[in-house]
Amino acid sequence: MLSSIQNPRLLRLSTLHQIPLRCLQTSTTPVPTPSSPQPTSQILRIRKSLLSRETTAVEIAKTFLSRLRRTEPQLKSFLYVSPEDAVLKQAEEIDRRIQNNEELGPLAGVLAGVKDNICTSDMPSTAGSKILENYTPPYDATAVKKLRENGAIIVGKTNLDEFGMGSTTEASGYQVTANPWDLSRVPGGSSGGSAAAVSAQQCAVSLGTDTGGSVRQPASFCGVVGLKPTYGRVSRYGLVAYASSLDVIGCLGSSVADTGIVLQAVSGHDKFDATSSKQGIPNFASQFIPKDYLDSKPLKGLRVGVIRETLVDGVDPDVISSLQRSVSHLEDLGCTISEVSFPSFSLGLPAYYILASSESSSNLARYDGVRFGNQVFADELSTLYGDSRAEGFGSEVKLRILMGTYALSAGYYDAYYKRAQQVRTLVQKSFRAALEENDVLISPAAPSVAYKIGEKKNDPLAMYAGDIMTVNVNLAGLPALVLPCGFVEEGSSVLPVGLQMIGAAFDEESLLKIGHIFEQTLQGYSFVPPLVGDDF
Amino acid sequence: MALTFFRGIKTCPLVHYPSAYFARKNGFFYCTMGSTQTQFATQEKQQSGDSKVVPKTYRKSPDKLLKDYEAIIGIETHVQLNTSTKAFCGCPYSYGAQPNTSICPVCMGLPGALPVLNSKVVEYAVKLGLALNCKLSMDSKFDRKQYFYPDLPKGYQISQFDVPIASGGYVDVDLPVEFGGGHRKFGITRVHMEEDAGKLLHTGTGNYSQVDLNRAGVPLLEIVSEPDMRTGIEAAEYAAELQRLVRYLGVSNGNMQEGSLRCDVNISIRPIGQQEFGTKVEIKNLNSFSSVSRAIDFEISRQVQLHSQGQADQIVQETRLWEEGAQKTITMRKKEGLSDYRYFPEPDLPGVTLTEEYLDGIRSSLPELPEIKRRRYENMGLSMQDVLFLANDINVAEFFDATIASAADIKLAANWIMGDIAAYMKNEKLSISEIKLTPLELGELIASIKGGTISGKIGKEILFELMAKGGTVQGLIKEKDLVQIVDRSEIEKMVDKVLAGNPEQLKQYRGGKTKLQGYFAGQVMKSSKGKANPKLLNQILLEKLNTET
């Protein structure tokens with residue numbers, strides 16, 4: 001039921017206009033028209049227009065800020081927006097550097113949103129929890145520090161499910177973010193604010209975090225590109241921990257190139273994170289070959305495995321047909337398609353919820369009202385603890401702390417935590433085997449498109465089941481890219497569908513290459529939501 | 001600043017390792033228990049004995065009573081490592097610093113902060129593991145031990161649970177001669193790495209408490225012994241040997257008052273011959289070796305009294321505090337079953353992998369350990385008293401070794417160090433590295449006396465000068481013109497002079513009052529300003545006294 005062609009909002013075809021890669025070095029190529037049907041890199045566009053002096057960083061910042069102000073009352077993607085003068089001051093500094101022909105960072109003038117569970121020293125960082133209300137950390141997360149060093153301007157902190165525990169942003173301690181494609185629907189989660197903000201162009205790119213799919217599922221729901229890097233690729237220092245062995249900082253953008261450029265900026269070993277990898281970082285930008293330079297079968301010989309267990313009952317038939325069309329498209333690009341079976345696939349979900357809850361029950365022990373955050377006055381210690389936590393945590397968080405505490409308790413550890421770890425090993429083995437046979441594996445990013453706000457709020461199990469496509473990837477620590485591949489009509493709304501590509505550990509390069517070619521050759525779709533309007 | 005350190009919930013890995021207590025069958029040794037605390041035992045017995053129907057054993061004297069029982073003692077020791085920074089962050093630690101002046105996001109447990117292991121902690125753990133003859137785990141890991149307490153910022157302590165870095169070792173101990181001496185071997189169950197917690201500061205009014213996190217995250221090694229000790233003295237000596245070891249290795253200052261070395265004792269008693277163990281009691285707040293010894297002896301008496309009066313059920317599993325003032329243990333808290341610390345592997349830290357090369361490197365850097373040193377000294381022919389004294393402090397031992405390396409007489413070197421030098425250090429409150437005397441000069445001094453260049457008396461004088469001001473033996477001898485007179489004719493002249501100057505005494509001597517020899521000798525020595533060789537002097541004096549001219 002692919003009906004997007006009939007939707008006039010999605011038909012803004014004009015001449016194909018690509019930004020050649022070289023624009024990173026040169027500023028002579030003309031700026032593409034903004035309504036290019038193929039997703040264009042916001043980052044490269046901004047860079048080009050700055051270097052060509054066509055516009056200024058201040059102008060760009062003002063455009064984003066005014067769109068943010070216009071759309072934010074409906075969307076509520078931000079928990080905190082940087083004061084305008086603070087943003088403009090940073091933009092002015094960039095303009096000054098351009099004036100003086102000083103060197104510019106790769107993200108100069110790029111407005112970035114940062115998920116509120118990533119620490120910023122100049123803005124509150126609540127992780128969406130009342131227990132951290134008004135808490136401003138004394139330090140920047142390494143990823144934020146790197147964004148700033150690369151010239152990005154942090155425009156604000158995006159909404160999320162409390163501590164990343166949720167798939168809709170409904171579990172935020174503060175507000176529910178709306179989906180830019182249909183305001184009555186959820187943007188996905190937990191990085192719902194980051195995905196909605198990029199989708200509605202409130203900022204050019206954003207950082208999210210992905211513990212069980214929290215970057216990829218909202219990317220799918222909001223029609224943006226979401227990249228979950230390999231575990232250890234990006235430092236977790238300053239990421240408010242949910243489940244330490246699964247948490248990854250990811251990138252969201254409106255094109256594959258944008259997520260790759262942001263990943264380039266934030267990757268690398270960090271002496272403050274013992275689990276960050278010393279693996280070398282390739283130049284991801286070299287994968288973003290302009291469409292005009294591609295031959296007719298640019299992905300010839302590439303082996304793509306379709307995960308059979310992701311196209312079964314329980315998955316929206318429209319999502320399945322979108323995926324099947326993506327498979328055909330990949331075939332057209334020269335890929336060899338085969339089917340891969342994961343007997344352990346369905347075990348991943350319960351294993352994930354046991355491990356993530358167990359780790360979170362431990363990670364959240366520090367919110368005791370003693371040193372920071374919400375403190376309830378009490379006469380004795382146990383009441384101070386109990387009341388501060390009872391008042392500060394939301395119900396989803398309490399649920400997971402209880403589950404995790406139970407799973408780690410004496411007498412239950414072997415039955416739950418230990419077995420879940422065994423499943424994890426099994427999942428890792430299955431992926432390793434499948435990725436020896438295939439270069440990438442593909443699946444839908446989520447079993448459905450964005451659902452209505454409130455629809456699954458009281459049915460946690462149904463909501464957890466929505467993570468089936470993504471959690472296995474976290475258990476295996478692998479990189480995965482989600483990019484929009486089609487639309488599904490739901491009543492009066494047209495909602496984007498996301499395609500997930502899973503790669504071998506530390507091979508984000510292949511994912512970016514394939515994703516970029518897929519995106520640049522996909523005909524007939526524009527993933528700009530109606531809310532953004534014509535000023536984009 | 002009145003500091004009360006009181007951690008409500010405390011490490012007790014033995015609880016998780018009940019097998020540790022059963023790993024060894026009978027202990028190695030049966031010792032007569034010390035009876036230094038029998039007074040207290042007697043008092044308690046009298047108090048509680050009045051209203052009870054007491055069994056026959058009551059009639060036995062306390063000493064006899066104790067002989068029917070044996071105590072099973074195990075010790076958990078926490079050693080604070082003297083690394084320049086904390087275990088998982090770059091903060092330094094110095095004891096007694098202003099509260100919360102040495103903290104960062106990591107050791108405060110702020111959201112988003114992550115631990116990164118200080119490699120020195122592993123190095124020190126391996127050193128101690130090797131020194132305790134342990135088997136090292138080539139692959140160990142960290143775990144989280146979870147409990148809530150305000151001095152524990154993260155809500156969990158990073159520790160090691162099921163795979164400690166070192167396990168299955170032993171330590172050799174020589175008991176002090178004054179306690180009967182003897183050699184003992186005590187098993188080491190395990191050594192693991194963990195982080196310390198902060199401290200609570202209780203205000204004078206008692207209305208609220210404050211948290212000082214300076215100590216939070218400071219690296220500790222926890223050493224768990226096998227339940228191999230039987231007396232307070234054995235336990236105290238075990239602890240003292242650990243202190244010697246960590247000081248020899250340079251991994252900790254081992255200071256018990258500052259809490260750099262903390263001992264928690266587990267103790268139970270059983271009638272001799274009984275196979276199963278009695279109920280175990282834990283004792284805390286032991287701030288010196290003597291309190292370890294006295295607390296155990298008290299506790300043994302207490303438990304034996306209860307047991308012998310048919311009140312064994314009143315020995316309950318609990319934690320007791322040693323009260324230094326009252327010289328007794330009191331209940332701190334009763335155990336309500338086992339605490340569930342919900343251990344699980346620390347996901348923020350990769351596993352700790354050791355290589356053979358790494359171990360070899362550390363092995364070859366180890367100093368000569370106390371036990372080996374003691375055996376070497378013993379083989380040199382030194383008495384056990386001397387051996388224990390010299391090997392007790394690595395600096396003293398090194399001083400001694402350096403002295404005898406310059407071919408000085410072993411026994412003389414030991415005597416000088418244990419006698420005048422030790423006394424001087426004690427009076428001046430100096431350590432051996434702080435006195436100005438060098439081992440080389442001590443060797444020179446000994447050689448000068450032995451060779452007859454100076455007398456022993458003058459040697460002593462020079463020694464004090466050397467310790468206080470430094471300098472060389474040769475220089476001082478020259479400077480003060482202290483060379484012993486060994487020239488026979490010179491001494492003869494002096495003797496003649498003295499004899500000539502004391503005709504009355506000479507007459508008395510020759511009349512039979514031979515005691516006066518001492519008087520003459522003194523006079524001659526005086527006239528030589530102490531430099532005359534005493535042996536020669538006496539020889540000449542006797543000759544002259546007994547030869548009538």
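## Basis

This is a predicted model: local features need pLDDT of at least 70, side-chain atom pairs need pLDDT 80 or more, and totals for chains, interfaces and linings use all residues. Residues are numbered from 1 along each chain as its sequence is written, chains are lettered from A and ligands numbered from 1 in the order written, and side-chain values use heavy atoms, leaving out hydrogens and water.

## Chain A

Chain A has 15 helices and 11 strands. Helices (H or I, at least four residues) and strands (E, at least two) are DSSP runs, numbered from the N terminus. The C-alpha trace of chain A spans about 70 × 55 × 50 Å along its principal axes.

Of the 536 residues in chain A, 64% are buried. Buried means under 20% relative accessible area, exposed means over 50%, and partly exposed lies in between (1.4 Å probe, protein chains only).

## Where the chains meet

In chain B, 31 residues are in contact with 38 residues of chain A; contact means heavy atoms within 4.5 Å. The two chains bury about 2,700 Å² between them, 61% of it on carbon and sulfur atoms. Buried area is the accessible area (1.4 Å probe) that two parts lose on being put together, summed over both. B:P111, B:L114 and B:F148 supply 23% of the area that chain B buries against chain A, more than any other three residues.

The rule finds one salt bridge across this interface. A:R236 pairs with B:D348, and their closest N and O atoms are 3.0 Å apart. A salt bridge puts a side-chain nitrogen of Lys or Arg within 4 Å of a carboxyl oxygen of Asp or Glu.

## Salt bridges within each chain

The whole structure holds 59 salt bridges over all chains. Side chains of opposite charge can pair when their charged atoms come close. In chain A, A:E93 and A:R97 form a salt bridge (3.8 Å, N to O). They sit four residues apart in helix α3 (residues 84-99), so about one helical turn separates them. A:R97 also forms a salt bridge with A:E102, at 3.9 Å between the closest N and O atoms. A:R97 is partly exposed, at 29% relative accessible area.

In chain B, B:R375 and B:E371 form a salt bridge (2.7 Å, N to O). They too are four residues apart, in helix α10 (residues 370-379), and about one helical turn separates them. B:R375 is partly exposed at 23%, whereas B:E371 is buried at 17%. Both belong to one network of salt bridges with shared partners, whose members include B:D174, B:R244 and B:E378.
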